[in-house]
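Here are a few notes to go with your first look. Have the structure open while you read.

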Amino acid sequence: MESDEYGAHKSMLVFRQLWDPQSSTYTYLLGDRESGAAVLIDPVFEQVRRDRALIEELALRLAWSLDTHVHADHITGSWMLKQQLGSRIALAAEGGAQGADRLLKHGDRVTFGNRFLEVRATPGHTNGCLTYVLDDHTMAFTGDCLLIRGSGRTDFQQGDARTLFRSVHEHIFSLPPACLLYPGHDYRGLTVTSVEEELQYNPRLGGQIAEGDFAGYMENLGLAHPKKIDVAVPANLRCGRPERDAPAASDPSWAALTYTFSGIWEIAPQALEEVSCKVQIIDVREPGEFSGSLGHIPRARLIPLGEIESRVAELAAGGPVVTVCRSGARSAQAAVILQRIGVRDIANLSGGMLRWRAEGHAVVGGQV
Ligand SMILES: N[C@@H](CCC(=O)N[C@@H](CS)C(=O)NCC(=O)O)C(=O)O
Ligand SMILES: [Fe+2]
C-alpha cells in the first residue's frame, strides 16, 4: 500500500498498455493489486484472447470493460469479454448503444476494488465520448478526443469541432500539468503524453489557438472514412455482439490447452499424457541432450530447433504437434516458427522436460 499526500492508503495499481496493430488502437488494463479487480478500457474484438490471457496471468478479475465511445474503425471486445469472463459493460448513455450493463454520465465513478475512474463527458469526436480519469489524477484515458499532438476527427457520428475544443479545454487541460494522457489511438506508435506537453505543443489545440482556428483546421483534414466503418458502427451499437451470435473462432479442442500472453498455446504435462498417443511429439533439443541425462518422452522424435523449418515436411499432415525442449523456451520458438509456416494444431509443452520429469511422467533413457 502507498500513502498519498493526505496519508490516505491507496492500493497499488497494475497498469498495462496494449496495442492492436490492425487499427492502431490502444487498450488499457488497470487493476487494483490488493483486491484483484480490474477494468479494461477500449478492448478490441480480435484481441480478446490475448487480453484474457494477460488478465489471468496477472491474477486479476475483470470487473468492467469500458468503451470511450462507439468506435468507427474496429469492433469492441466488450461483449465477448462478458461472455468469456463475466465482466460488465459500461459506456456513455449518449452513444446510443444497446446491451450495456451500465450507462455512464459525466461525474460518475467506475470502481475496481479500492481504486476508481472518474467519468468525464468529452464529446466532439462523437457525441458520446468519455474520458476516464484515475482517482488521483495522475493518468487520464482520453479515447479519441485528445490524441498525441492531435485530436480525433469530427466529421462523422455527430462529431463537432467546437464541441471537441471545449471538451479538451474544460475537462482535459484542466487536469494537473503532470497528468499523463493515454489516447485511444496513435498512428505513429507514440504511447503517452501529458497535459503540460499538449498544452504547449499540440498543433491544433495548444498554445493560443482559439476555437475558430481549431474548427477551420478540422474542416480541412481531408481523411478517408475508416475502412471498417460500415461494419464497426452497427456492431459497436450492440457493444460488439455479433449479429447472429455466431461462435467466434473456437479454441482448439484436441487437448486442454492454455493460451499465453506471448501468443502461443501451451499444454501441461498431464494434458499431454492424456493425448500422447494421438499427437506428434517433436523434441527440438540437440541430439546429445535427447540421449542425455534428462532422457526424452516416449514416442518423441528429434528435430533440433535449427532444423525445424527445413524439416517441416517430416511432420505428418493434420496431426496435432507438441514441441518439447529442456525448459520450454526453445520449443516455444519452434511453435512460433511452425505456426508461421502454417502448422495449425500446435502447442508447446509447458516447462519442458524439467517439468515433465518433476511431475513424475515416464521418460526413455536419462538418469533417475
Ligand atoms: N485509416 C483508418 C482511419 C482511422 C480514423 O479515421 N481514425 C479516427 C479515430 S476512430 C480519427 O479520429 N483519426 C484521426 C487521424 O487520423 O488524424 C481506418 O481506416 O481505420
Ligand atoms: Fe474513434
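1. Which residues are around ligand 1? They are Asp73, His125, Asp144, Gly152, Arg153, His185, Tyr187, Leu223, Pro226 and Lys227; a residue counts if one of its heavy atoms lies within 4 Å of the molecule.

2. A word on the ground rules: this is a predicted model, where local features need pLDDT of at least 70, side-chain atom pairs count only at pLDDT 80 or more, and totals for chains, interfaces and linings use all residues. Residues are numbered from 1 along each chain as its sequence is written, chains are lettered from A and ligands numbered from 1 in the order in which they are written, and side-chain values use heavy atoms, with hydrogens and water left out.

3. Back to ligand 1: one of its oxygen atoms sits 2.7 Å from an N or O atom in the Arg153 side chain. A nitrogen atom of ligand 1 is 2.8 Å from an N or O atom in the side chain of Tyr187, and an oxygen atom of ligand 1 is 2.8 Å from a polar backbone atom of Lys227. The protein covers 80% of the 500 Å² of accessible area (Shrake-Rupley method, 1.4 Å probe) that ligand 1 has on its own.

4. Now the metal: His69 (NE2), His125 (NE2) and Asp144 (OD) coordinate the iron ion (ligand 2) at 2.0 to 2.3 Å. Donors here are N, O and S atoms within 2.8 Å of the metal (3.2 Å for Na, K and Ca), and water is not among the atoms, so sites may look incomplete. Along the chain, the donors of the iron ion follow the spacing H-x55-H-x18-D.

5. Both His125 and Asp144 are buried, meaning under 20% relative accessible area (1.4 Å probe, protein chains only).

Notes
Buried < 20%, exposed > 50% of the residue type's maximum accessible area, 1.4 Å probe, protein only. Polar contact = N/O pair within 3.5 Å; in protein donor to acceptor, adjacent residues only side chain to side chain.
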